[in-house]
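The sequence and structure come first.

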Amino acid sequence: MAQREIVNRTKSQANTVWLFDFLQKYWLLVVGIIVCYPLLKKWYSKFTQDAEEKALEDAENDLKIAVSNPMTKEIELNKITPRKEVHDIAESLAVWLGTNKQTKDSPWYTWITEPMSNFENERETISELLKVKQATTVPLVIGCYYIITRRDLKADLKKYLSTSDLKKVPLFN
């Protein structure tokens with residue numbers, strides 16, 4: 001029988017080499033965990049997603065596809081309201097807030113490729129918001145804005161406008 005040679009290490013060598021010994025012995029297991037963990041996590045989240053979340057995600061994808069074409073975008077906007085002035089207000093709000101380019105599914109580098117999406121025009125935004133005179137029109141504008149940008153108008157107004165500007169438009173406050 002062949003005997004293994006015993007290597008005596010000093011205390012400082014033993015403290016620094018244990019990681020390399022572990023990796024030498026279990027390298028396949030470590031690589032397997034690193035590679036398989038993201039795949040298993042994605043697989044688990046896919047199967048644990050309930051039907052309601054799946055339906056919401058499918059509706060969001062359908063809306064994303066529909067808005068990419070101007071004709072289908074007009075159809076989607078007409079589902080909310082046939083009033084063209086509401087569509088125009090929502091469209092111009094998206095432009096003046098800079099969110100017409102920064103939609104939910106835009107890539108992270110949009111701020112570089114579309115520099116005007118970084119700036120909002122408060123004066124024009126407020127003038128567009130003041131065109132809405134009735135409280136019943138507010139949900140229609142919010143819905144049309146969501147169709148165009150897939151973002152929440154009230155959240156964007158709070159993010160991009162100051163509180164003094166928001167006080168000028170009490171319907172959206």
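In this predicted model, N173 sits in the segment that follows α9 (163–167). Its relative accessible area is 53%, so N173 counts as exposed, the cut-off being over 50%.

**Fold**
- The chain has nine helices and zero strands.
- Read from the N terminus, the order of elements is α-α-α-α-α-α-α-α-α.
- The chain has 173 residues, and 27% of them are buried.

**Surface charge**
- A patch of negative charge on the surface is formed by D50, E52, E53, E57, D58 and D62.
- One of these residues, E52, belongs to helix α2, which spans residues 51–67.
- E52 has a relative accessibility of 65%, and because exposed means over 50%, E52 is classed as exposed.

**Cysteines**
- There are zero disulfides in the structure.
- A disulfide is a covalent bond that joins the sulfur atoms of two cysteines.
- C144 has a relative accessibility of 0% and is therefore buried, since the buried class lies under 20%.
- C36 is at 38% relative accessibility, which falls between the limits of 20% and 50%, so C36 is partly exposed.

Notes. Residues numbered from 1 in each chain as written. Predicted model: local features only at pLDDT ≥ 70, side-chain atom pairs only at ≥ 80, totals over all residues. Heavy atoms only, no water. Disulfide = S-S within 2.5 Å. Buried < 20%, exposed > 50% of the residue type's maximum accessible area, 1.4 Å probe, protein only. Patch = residues over 30% accessible without salt bridge, like charges linked within 9 Å, V, L, I, M, F, W, Y side chains within 5 Å. Areas by Shrake-Rupley, 256 points an atom, 1.4 Å probe, with all protein chains shown as cover. Salt bridge = Lys/Arg side-chain N within 4 Å of Asp/Glu carboxyl O. Lys, Arg positive; Asp, Glu negative; His and termini not counted. Charge placed at Lys NZ, Arg CZ, Asp CG, Glu CD. Helix = DSSP H or I, 4+ residues; strand = E, 2+ residues; numbered from the N terminus.
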